[in-house]
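Please report on the model shown below, taking its local geometry, its packing and its confidence in turn.

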Amino acid sequence: MNKNLWIAGALAAAIVLAGCASTQPAGVQLEDAEIATKVKTKLTADPDINPFNVSVDVNEGVVRLSGKVEKAEARDEAVHHAKTTEGVVRVINDIEIGKASMGERLDDTTLVVKVKAKITANSELNPFNINVDAADGVITLMGRVESQEKKDLAGRIARDTDGVVRVQNRLEVGDRTGG
């Protein structure tokens, strides 16, 4: 447990030291944060959804939902909440049906911290541009990087992390206008 606390502390320190540089304009970052907050609020208000079991990640208006819910109806309702949120461009539904155990949630949280710390420690990558999520050992990378080489590097870092089962590298390459 002390090792996990050390990793989390190192990650937080590295993020603070890295500064706030990002390839995304500040307005886009704020819009994404606002969308994520609105979706999470809707999920929290829904009595059929446990918001602690559903992760919401947003990148340039694309919402990715992941985690586990006990019933298909709850998954469908979570997707509906996301799709009907102002500013949402598209929804990626990676929610699984089943019961998430506390151990699974802790293991996935540990994986996210480990991968994010390794990305933060790499001088070639900007951790503010890469969102890391985990579900059942599957790491998903979302965000935007400057080149295919950096996308590949981030994927390789995630794949080479102990405990990672598979990597879904959904990083976009180039600036927001497609260049």
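## Hairpin of strands 4 and 5

In this predicted model, strand 4 and strand 5 form a hairpin with two residues between them. Strand 4 covers residues 130-135 and strand 5 covers residues 138-145; helices (H or I, at least four residues) and strands (E, at least two) are DSSP runs, numbered from the N terminus. The two strands run antiparallel and are joined by six bridges, where pairing requires that DSSP finds at least two bridges between two strands. One of the bridges links Asn131 to Met142 in strand 5.

Five of the six residues of strand 4 are buried, so the strand is largely enclosed by the rest of the structure. Buried means under 20% relative accessible area, exposed over 50%, and partly exposed in between, with a 1.4 Å probe and protein chains only.

## Positive phi values

Most residues other than glycine have a negative phi. Asp136, in the loop between strand 4 and strand 5, has a positive phi near 55°. At 30% relative accessibility, Asp136 counts as partly exposed.

Glu60 also has a positive phi, near 55°. Glu60 sits in the loop between strand 1 and strand 2 and, at 15% relative accessibility, counts as buried.

## Val62

Val62 belongs to strand 2 and has a relative accessibility of 14%, so it counts as buried. Leaving aside neighbours within four places in sequence, Val62 is in contact (heavy atoms within 4.5 Å) with Asp57, Arg90, Ile92 and Met142. The C-alpha atoms of Val62 and Ala82 are separated by 9.8 Å, with the two residues 20 apart along the chain.

## Helix 3

Helix 3 has twelve residues, 72-83, and its end C-alpha atoms are 16 Å apart.

The buried residues of helix 3 are Ala74, Ala78, Val79, His81 and Ala82. Seen down the helix axis, they fall within an arc of 160°, so they line one face of the helix; the arc is that of the directions from the axis to the C-beta atoms. On the other side of helix 3, Glu73 and Lys83 are exposed.

## Nonpolar cores

A nonpolar core is a set of buried Ala, Val, Leu, Ile, Met, Phe, Trp, Tyr and Cys residues joined through side-chain atoms within 4.5 Å. The largest has 18 residues, and those with the most contacts inside it are Val39, Leu43, Val54, Val56, Val63, Leu65 and Val91. Helix 2 (26-45), strand 1 (54-59), strand 2 (62-69), helix 3 and strand 3 (90-97) each supply at least two of its residues.

Val39 touches Val56, Leu65, Ala82 and Thr85, not counting residues up to four places away in sequence. A second, separate core of 17 residues includes Leu125, Val132, Val145 and Ile157.

## Confidence and conventions

The chain averages a pLDDT (the predictor's confidence in each residue, from 0 to 100) of 82, and 78% of the residues score at least 70. Where pLDDT is low, the predicted coordinates should not be read in detail.

Residues are numbered from 1 along each chain as its sequence is written, and side-chain values use heavy atoms, with hydrogens and water left out. Local features need pLDDT of at least 70 and side-chain atom pairs count only at pLDDT 80 or more, while totals for chains, interfaces and linings use all residues.

Conventions
The expected span of a helix is 1.5 Å times one less than its number of residues.
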